[in-house]
Amino acid sequence: MDSQLFTALQVVVGVPAALVGYIWLTERIVTLVPPKWQPRLRPWFWLGPAVALLGFFLVYPTIRTIIRSFQSKSPLRPEWVGLENYKWFFTNDGALAALFNNVLWVVLLGFFTVGLGLFIAILVDRVRYEAWAKSIIFLPLAISMVAAGVIWKFMYDFRPPGQPQTGTLNAAIAPFGLGPVAWLQSPSLHLSTFALIAIMIWMWTGFAMVIISAALKGIDPELLEAARLDGAGEWQVFRRVIFPLLAPTLAVVSTTMVITSLKTFDIVYTLTNGNYDTEVIANLMIKEMFTFGDFGRASAVAVVLLLAIVPVMAFNIRQFRAQEAVR
Amino acid sequence: MTTTVEPRPLPRPLAAPAVQEKSRRPRRVARIALHLAVVALMLLWAIPTLGLLINSFRPQSEISSSGWWTALAPPYQFTMENYSEVMGQTGIGQAFLNSLFIAIPATIIPIVVAAFAAYAFSWMEFPGRDLLFVVVVGLLVVPLQTTLIPVLRAFADWGITGEFVAVWLAHAGYGLPFAVYLLRNFMGSLPKSLFESAAMDGANHVTAFFRVAMPLCVPAFAALAIFQFLFVWNDLLVALIYIGLANPDNLPLTATMANLVNSLGGGWYLLAAAAFLSMVVPLLIFFGLQRYFIRGIVGGAVKG
């Protein structure tokens with residue numbers, strides 16, 4: 001433990017010191033160059049470490065993965081197999097089921113987190129204990145998804161009928177005569193997937209709520225005042241004034257939730273590992289990697305995930321460019 | 001974020017009442033309904049965590065036979081034995097330390113690297129600047145799944161799989177797009193006059209960075225540090241892949257807990273206590289530094 005502590009301390013102090021030294025050193029180098037060229041050279045030194053890390057951990061591997069997806073299983077001597085892995089993916093029942101589940105995730109997680117987040121943001125705006133309410137709803141975002149999985153494992157716990165129920169949910173519905181439900185082990189009607197999505201909704205609504213709440217408070221109160229004086233009812237104020245002004249914020253939150261849904265892994269891995277028809281793409285990829293050792297297929301799965309995200313990426317970039325133009 | 005969307009024209013009532021007759025509206029009922037709704041929501045959100053907390057203080061025999069709410073009525077059978085067993089078990093204690101060893105450097109490295117890059121993006125003019133930043137914005141959403149296999153192969157070739165340095169570097173790389181994006185937005189919104197007067201006083205970029213930009217960016221650094229720390233502390237996938245198989249002794253708390261949940265055998269009653277221990281650090285940070293955490297999230301999504 002001591003050696004680990006020592007190493008960590010070295011890193012915590014050493015890396016910033018090394019970077020500062022690097023900047024100082026490169027500045028000396030830059031001053032050696034004719035003044036006209038200095039502003040053209042200096043930025044690249046400052047960007048150097050960042051570009052190197054981004055290139056090595058994000059850009060280069062993504063390209064390699066795309067290439068790898070066209071190659072065969074064998075890790076040592078992969079051969080080119082063209083679209084073989086993709087054909088497998090789109091004809092395999094398990095893979096298609098995972099894809100469908102991800103669609104469920106995207107639609108339901110996005111809709112409910114944004115919808116609930118909006119609803120709650122508007123509600124708590126009108127009570128004095130707003131800060132408390134927001135804290136409690138936001139809290140689940142601070143914990144790990146594994147911990148959230150543990151929390152909800154106790155919520156969803158199932159005991160055979162006749163025995164006292166230990167799970168909160170089953171105990172809550174028992175007084176209404178509804179039988180105990182094996183929430184996490186029910187493939188029928190995608191119940192288990194819904195159960196998992198509910199966990200993520202519990203976690204992420206706070207995220208949506210906080211952002212929407214900030215945007216809500218940024219709306220000029222005079223606009224709302226004017227609307228109300230004109231005789232508009234609350235619903236109309238919402239539909240005609242608040243909602244259009246919030247639209248860009250809702251878009252940003254929605255795209256974040258879309259990405260979160262597509263990348264979902266922790267919850268599924270921890271609670272069901274894809275069984276009971278809960279499989280998702282991210283978990284499928286890990287299975288192909290480690291359980292089946294098929295890096296070609298795993299890469300293909302990763303690329304499918306990437307393709308699904310590209311529309312969001314394009315949207316983000318477009319939004320960014322629009323904002324920059326106004327800046 | 002300033003928008004230029006005009007609210008659409010509202011319908012004009014046929015005869016505008018001279019005085020608003022709001023006393024007719026059942027406002028008290030609406031207020032009560034509002035409070036009920038908010039409190040209900042708060043309870044709904046708090047109950048799952050509350051259940052876990054209470055369960056963590058109950059003996060094993062109780063957890064497996066009755067729900068946590070039964071502990072709220074006598075006979076009270078609370079115990080600390082779950083916690084003492086969890087902390088005594090070397091697996092989890094070590095995992096807690098591992099989480100710490102992983103998270104702290106993995107927070108500091110990307111912030112320092114991003115600070116210099118963000119400054120270059122904000123206050124240096126050079127060809128290709130905007131295009132490069134657009135690439136950074138694009139990289140914000142690249143799923144790390146698409147990077148796992150090649151990076152794992154590279155780490156294996158260098159012999160660092162299973163070591164902390166692997167996840168430090170990985171988290172630095174994965175955390176950079178958001179760090180650069182956030183810091184650049186913040187730095188770019190600092191008043192230009194500050195940098196102009198510094199330049200007139202003969203300061204070069206290095207001086208301007210350390211004397212002007214850095215001190216003013218402390219709130220942004222705080223927000224970013226919290227965000228990155230929590231992200232790394234709560235991460236499962238990166239640790240699982242780059243440390244997992246090669247060196248299970250170095251696994252952080254999340255991976256250890258995930259294994260505990262999956263294992264059908266004994267020890268599952270320790271889950272509640274273990275989970276709560278893993279939540280202590282994030283919850284402390286959350287309660288203590290909520291403002292900065294929220295500012296970080298909002299800063300990334302809503303500007304101005």
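Here is a walk through a predicted model of a complex, taking in chain B, its interface with chain A, and one arginine.

For the complex, the predictor reports an ipTM of 0.85 and a pTM of 0.85. Chain B has a mean pLDDT of 83, with 86% of its residues at 70 or more. The stretch to watch is residues 12-21 of chain B, where the pLDDT is below 50. Beyond near neighbours in sequence, that stretch has 4 contacts in the model. Where pLDDT is low, the predicted coordinates should not be read in detail.

Now for the fold of chain B. Of the 304 residues in chain B, 53% are buried. Take the contacts in chain B between residues at least 6 apart in sequence, and 75% of them join residues at least 24 apart.

Next, the interface. On the chain A side 115 residues take part, in contact with 126 residues of chain B. The size of an interface is often given as the accessible area lost when the parts come together. Between chain A and chain B the buried area is about 10,600 Å², and carbon and sulfur atoms give 78% of that. In chain A, the residues that lose the most area to chain B are A:Trp46, A:Phe57 and A:Phe154, yet together they account for 7% of what that side buries.

What about polar links across the interface? The rule finds 0 salt bridges between chain A and chain B, while 8 residue pairs are in polar contact, counting pairs with both residues at pLDDT 80 or more. Helix α2 (residues 38-68) of chain A supplies the largest share of the side that touches chain B, with 19 residues. Sorted by type, the residues on that side of chain A come to 84 nonpolar, 17 polar and 14 charged.

Finally, zoom in on one residue in chain B. B:Arg129 sits in helix α5 (residues 129-139) of chain B. Is B:Arg129 buried or exposed? Its relative accessible area is 17%, and because the cut-off for buried is under 20%, B:Arg129 counts as buried. The side chain of B:Arg129 reaches the backbone oxygen of B:Met124 at 3.1 Å. Leaving aside neighbours within four places in sequence, B:Met124 is joined by B:Ala120, B:Phe121 and B:Ser122 among the contacts of B:Arg129.

How values were computed. Residues are numbered from 1 along each chain as its sequence is written. Chains are lettered from A and ligands numbered from 1 in the order in which they are written. Side-chain values use heavy atoms; hydrogens and water are left out. Contact means heavy atoms within 4.5 Å. Buried area is the accessible area (1.4 Å probe) that two parts lose on being put together, summed over both. A salt bridge is a side-chain nitrogen of Lys or Arg within 4 Å of a carboxyl oxygen of Asp or Glu. A polar contact is a pair of N or O atoms within 3.5 Å; within protein, one must be able to donate a hydrogen and the other to accept it, and residues adjacent in sequence count only if both atoms are side-chain atoms. Helices (H or I, at least four residues) and strands (E, at least two) are DSSP runs, numbered from the N terminus. Ala, Val, Leu, Ile, Met, Phe, Trp, Tyr, Cys and Pro count as nonpolar, Asp, Glu, Lys and Arg as charged, and the others, Gly among them, as polar. pLDDT is the predictor's confidence in each residue, from 0 to 100. Buried means under 20% relative accessible area, exposed over 50%, partly exposed in between (1.4 Å probe, protein chains only).
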